[in-house]
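User: I would like to learn how to read the features of a protein model, one kind at a time. Please give the general idea first and then the case at hand.

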Amino acid sequence: MFQNCTDLISLFLTNIDTSSATSMDRMFEGCSALPDLNLIYLDTSNVESMEEMFHFARNLFNITLTGMDLRKLKIMAYAFKNCYSLQTIDFTGIYQSDLNSLVNVKGLFDGCKALTSLNVSAIDTSSTISLQEFCLHIAEIVSTSATKPSATNSETINTQPKSDLYKIL
């Protein structure tokens, strides 16, 4: 839909009907000038795939996914790949029951070098997709950290040593 809109710097998604969409693959791929994206108004109730949805959105530093309906979502492979500036992803209001259909998260955060923390407090580690699978590539994000990230289902995943972490979601 917005793939390779390289000059796009702002987007307000309130009047777009996506209620029958089953794929949002590459929807914002290559939107290299877009700094911030709020998707709370996007109807994702029938979406099964978000593969490479934000791939190469190089200047994207914040994504708000608050309250999205992801109950039918199966594929998020490489969804945030090469979002070099991405620092924050807000998953507030997305619960484990919303992720029960999710089976492919391969390379989800590959190349997200600026990502410092993820709030995954609502994700149950005993589900089909474990927290470790969901955050498999977080360790690859950390290039200078001496410690590996860790998390339980009740905390934030930190990708920086605690002494360097100033903001916890």
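User: How many salt bridges does the structure hold?

Analyst: Side chains of opposite charge can pair when their charged atoms come close. A salt bridge here is a side-chain nitrogen of Lys or Arg within 4 Å of a carboxyl oxygen of Asp or Glu. The structure holds two salt bridges. Before going on, note that this is a predicted model, where local features need pLDDT of at least 70 and side-chain atom pairs count only at pLDDT 80 or more, while totals for chains, interfaces and linings use all residues. Residues are numbered from 1 along each chain as its sequence is written, and side-chain values use heavy atoms, with hydrogens and water left out.

User: Which residue forms a salt bridge with Glu 52, and why does the pair tie together parts that are apart in sequence?

Analyst: The partner of Glu 52 is Arg 26, with 3.1 Å between the closest N and O atoms. Glu 52 sits in the loop between β1 and β2 and Arg 26 in the segment before β1, so the pair ties together parts that are 26 residues apart in sequence. Helices (H or I, at least four residues) and strands (E, at least two) are DSSP runs, numbered from the N terminus. The other bridge joins the side chains of Arg 71 and Asp 69, at 2.6 Å from N to O.

User: Are Glu 52 and Asp 69 buried or exposed?

Analyst: Buried means under 20% relative accessible area, exposed means over 50%, and partly exposed is in between (1.4 Å probe, protein chains only). Glu 52 has a relative accessible area of 16%, so this residue is buried. Asp 69 is buried too, at 18%. Arg 26, with 28%, is partly exposed.

User: How is the chain laid out along the sequence?

Analyst: There are two helices and five strands, in the order β-β-β-β-α-α-β. Of the 169 residues in the chain, 46% are buried. Contact means heavy atoms within 4.5 Å. Among contacts between residues at least 6 apart in sequence, 78% join residues at least 24 apart.

User: Which residues touch the most other members of the largest nonpolar core?

Analyst: A nonpolar core is a set of buried Ala, Val, Leu, Ile, Met, Phe, Trp, Tyr and Cys residues joined through side-chain atoms within 4.5 Å. The largest core has 38 residues, and Phe 28, Leu 39, Phe 54 and Phe 80 touch the most other members. Beyond its neighbours within four places in sequence, Phe 28 has contacts that include Phe 2, Leu 11, Met 53 and Ala 57.

User: What does Leu 42 contact, leaving aside its neighbours within four places in sequence?

Analyst: Leu 42 is in contact with Leu 13, Thr 18, Met 24, Met 27 and Met 53, with those neighbours left aside. Leu 42 lies in the loop between β1 and β2 and is buried, at 6% relative accessible area. From Leu 42 to Met 68 the C-alpha distance is 7.5 Å, although they are 26 residues apart in sequence. Thr 44 lies in that loop between β1 and β2 as well, and its 1% relative accessibility makes it buried. Among the contacts of Thr 44, neighbours within four places aside, are Met 68 and Asp 69.

User: With which side chain does the side chain of Asn 62 make a polar contact?

Analyst: A polar contact is a pair of N or O atoms within 3.5 Å; within protein, one must be able to donate a hydrogen and the other to accept it, and residues adjacent in sequence count only if both atoms are side-chain atoms. For Asn 62 the partner is the side chain of Asp 36, at 2.6 Å. Asn 62 belongs to strand β2 (residues 62–64) and is buried, with 18% relative accessible area.

User: What is phi of Phe 56 near?

Analyst: Most residues other than glycine have a negative phi. Phi of Phe 56 is positive, near 60°, and the residue is not a glycine. Phe 56 lies in the loop between β1 and β2 and is partly exposed, at 32% relative accessible area. Tyr 78 also has a positive phi, of about 55°, and is found in the loop between β2 and β3 (88–90).
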